Amino acid sequence: MLLQVKNISFSVPEKKILHDISFSLDQGKLIGIIGPNGSGKSTMLKIIYRYLKQTSGVVTLYEKDMDQMTQKNIAQEMAVVSQETPVLFDFTVKDLVMMGRTPYKQWLANDSKEDFSIVEESMQLANVLYLKDRTLGKLSGGEKKRVMLARALAQQAKILILDEPTNHLDIEHQLQLMDLVKELPITIIAALHDLNLASSYCDELLLIKEGALHMKGTPEQVLTEETIEQVFHVQAGVSKNPFTQKLHLFFTQKT
Amino acid sequence: MTKLRFTLLIGALIAVLLASMTCAVMVGSVGITPSIIWEVLFSKIGLSIENTASKAQSIIIWEIRLPRIILAAIVGAALAISGAAIQALVRNPIADPYILGVSSGASVGATLVILLGAFSFLGTYALSFAAFLGAIFAVVIVFLLARVNGRTSVIRLLLAGIAISMVFSAITNFMLMTSKQQGGIQAVIHWMLGSLAGAKWSTIGIPFFIFLLVFILLLLNYRQLNALLLGEELATTLGMNLDGFRIFIILVVSLLTGVVVASSGSIGFVGLIIPHFVRMIVGSNYKLVLPISALMGAIFLVWADMVARIAIAPEEMPIGIVTAICGGPFFIWMLRRRRYSFGDGE
C-alpha cells in the first residue's frame, strides 16, 4: 500500500473542516480529488503533504506513520505543485528547478553533475528547457506552472501532488499539462475543478463534500447525474467526448 | 550568472575593497602615501626589511586608522548579510537587520550606560556590553511575542518588532528628555547615529570572528534561504524544518547585529539597501547574494566612514548620517528603475 489516510479529521477554532476521511491509494495511478469550493480538497492535500497537521487520524506512506518521518524524508518521496506560485524575488528558471534537489542535499554538498543532468531532464520533460536562463517574474502563467512542475519533477519523488494545476491556464496549456502529467510513471494526486478534465485524465476520483469523503471510484462510477446534482447543486447530463471516448458532462443551473 | 563571471566579480570586488581600504588609510589630517601604508603593513607582519615611514606615521597607520577601517569593513559586511538573511526570513523586501528590535534595544542599553552610568564596574566595556545586552533582550521579547502554538509567525514577528522598537525608543527618549547632562545627551545621539571612532585592535576581534562564523553558517544554508523565499508551503514540501530554521536565522542574525551594534552603534541603511543592490545584479540566489553582499557592504561602509571623517573635518560626522544621505538617493534611483521588481513580480 502506497498511501493510506485513516480517519483524518481537521479543525480550526470553531470550525470542523474535515471529518473522518479514510482512503488508500495504490501505486502508479492518476487520482483526482474533486468537490465544490470550500469542501476541503486543498486542506486534504495539505495534510497529505504535511504542511498542515491533522487534528486526529493517521496518514501512512509505505505503511509508515508520516508523523514519524522527517520533512526531508517526506520530500524525497513526495513532490508538490501547490496553488501559490512564488513571485516574490527573482530566480532564474534553472536555479528554481535546482531547488527541487534540496531534499537530497547535506550541509556542505555542492550541486553534482548528476543534479545538473536531473535538472536538465526535468526541464526537458516539462518543456521549459528553452526558458532556463529567464527569470521567473517575466514568464506567463502557463510557463510558471510548467517551471514549478519541472521543479517538482527534479525532486524525483514517487508521488506528485498537484493542487488545481490547470488554474489560470488556457485550454491548450491545460491539455498540455494534463497530458504531460498523465505520461509520468509515478502516482499523481491532483485536486481538480474541471470535472471534464477529471473524467478524461483520472483513473480514480475522490469526491469530497463538506469535509467528508462522499464517494470513491472510477470517473464512470462517480460522475453520475444524481451524484453531481447532490454534491454540486447543478443539473448534469452525461455523454461521451467524441475525440477521447471519455465521459463528458454538460451542466445547467438547477431549475 | 556563470561560475566564471561569479569568480571574476568576487575577485574584482576584493580588489576594490583593498584599494578602498588603502585609500581610506591615506585620507585624514596627516597625509600618507600608499607605498608607506604597505611598507608599514609588511614590516608589522615581519615581511619587509626597509622602512621609510616615520614613527608617527607608523602609529597613525597601525594603531588608529587601520583598525578603524577594518572595523568599517566588518560592520558593513555584517550588516549586509544580516539584512539579506532577515529579508529571506520575513520574505519581505522592506526588512532590515534592525526590524527585530536590535537597534532600539541596544540604544536603551547604551543610554543607560552613558547617562546613568550603569555597568560602570565593566569600565570601557560597559557601553558595548550594555548595548549587546539590550539588543538581545529586545529580540528575545519580539521572538516570544511572535510564537503562537509553537510556530513562529512572520507577520507577528514584523509587527512585534515594530511595537517593541517603539517602546524601547520611547524609553530612550524619556531618559534623554529628563537628563540634565548636555554632554551625555550629545554622546547618546552620536552613539545612536553610529561611529567607528573607538576601533582598536583589541576590540575588532569579536566582531570579526562572529561575522566569520555567521557568514559561514548562512552560506552553508543557502539552499534553505532560497527555499524560504519561495514561501512557507513550498519550503516545507522541499523538506525544510521551517520553524527550526527560522529560530536558527533569528539566533545567528541577532547575535551578529547585536555584536556589530555594540561595537559601532546602529548604523542604518546598509542592511537594507546592499542586499537589494546585490539582487539587482546577481538575482535572488543566496549562494551568490551572501558573499557579494558581504563585499559590497564592506566597500560601502569603508567609503562612508571616509566621508564621515573628512566631510566636516576636524569634526567628525556620525556615519549613520553619511549612509542615509548617500544611500537614500541611490535607493530611490533603484526604486525608480523598471527592471528591478522588488519581488512583487510586476
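The model is predicted: local features need pLDDT of at least 70, side-chain atom pairs count only at pLDDT 80 or more, and totals for chains, interfaces and linings use all residues. Residues are numbered from 1 along each chain as its sequence is written, while chains are lettered from A and ligands numbered from 1 in the order in which they are written.

Start where the chains meet. Chain A gives 27 residues to the contact and chain B gives 23. Two residues are in contact if their C-beta atoms, placed from the backbone, lie within 7 Å. On the side of chain A that touches chain B, the elements giving two or more residues are α2 (71–77) and β6 (78–81) of chain A. Helices (H or I, at least four residues) and strands (E, at least two) are DSSP runs, numbered from the N terminus. The largest share of that side, four residues, comes from α2(A). By class, the side of chain A that touches chain B holds 15 nonpolar, six polar and six charged residues. Here Ala, Val, Leu, Ile, Met, Phe, Trp, Tyr, Cys and Pro count as nonpolar, Asp, Glu, Lys and Arg as charged, and the others, Gly among them, as polar.

Next comes the core. In soluble globular proteins, nonpolar side chains tend to be buried together. The largest nonpolar core in this model has 181 residues. Such a core is a set of buried Ala, Val, Leu, Ile, Met, Phe, Trp, Tyr and Cys residues joined through C-beta atoms within 7 Å. A residue is buried if 20 or more other C-beta atoms lie within 10 Å of its own, exposed if 12 or fewer, and partly exposed in between, with C-beta atoms placed from the backbone. The residues with the most contacts inside this core are Ile161(A), Ala73(B), Val75(B), Ile81(B), Ala85(B) and Val302(B). Helix α3 (residues 55–90) of chain B supplies the largest share of the core, 19 residues. Take Val75(B). Leaving aside neighbours within four places in sequence, Val75(B) is in contact with Leu196(B), Pro207(B), Val260(B), Ser264(B), Ile267(B) and Leu301(B).

Now look at two helix pairs in chain B. The axes of α5 (residues 126–146) and α11 (residues 242–264) of chain B come within 8 Å and cross at roughly 150°. That angle makes α5(B) roughly antiparallel to α11(B). Axes are lines fitted to C-alpha atoms, for helices over the stretch in contact, and angles run from 0 to 180 degrees between N-to-C directions. Angles under 35 degrees count as roughly parallel, over 145 as roughly antiparallel, 65 to 115 as roughly perpendicular and the rest as oblique. The crossing of α5(B) and α11(B) is right-handed. A crossing is left-handed if the near helix is turned anticlockwise from the far one by less than a right angle, and right-handed if clockwise. Among the residues that meet are Phe132(B) and Val139(B) in α5(B), and Ile250(B) and Thr257(B) in α11(B). The contact of α5(B) with α11(B) has 10 nonpolar, five polar and no charged residues.

The second pair is α12 (residues 270–282) and α14 (residues 319–336) of chain B, whose axes come within 10 Å and cross at roughly 35°. α12(B) and α14(B) cross in a left-handed way. Their contact includes Phe277(B) and Met280(B) of α12(B), with Phe330(B) and Met334(B) of α14(B). By class, the contact of α12(B) with α14(B) divides into seven nonpolar, three polar and no charged residues.

Some single residues complete the walk. Val147(A) lies in helix α5 (residues 141–154) of chain A. Val147(A) counts as buried, with 26 C-beta neighbours inside 10 Å. Its contacts beyond four places in sequence include Val93(A), Leu96(A) and Leu139(A).

Tyr125(B) sits in the loop between α4 (102–116) and α5 of chain B. Tyr125(B) is partly exposed, with 13 other C-beta atoms within 10 Å. Tyr125(B) and Ser263(B) are 138 residues apart in sequence, yet 9.8 Å apart in space, C-alpha to C-alpha.

Finally, turn to phi. Most residues other than glycine have a negative phi. Glu63(A) is not a glycine, but has a positive phi of about 65°. Glu63(A) lies in the loop between β4 (56–61) and β5 (64–65) of chain A, and is exposed, with 9 other C-beta atoms within 10 Å. Gln245(A) has a positive phi near 60°. Gln245(A) is found in the loop between β11 (234–240) and β12 (247–253) of chain A.
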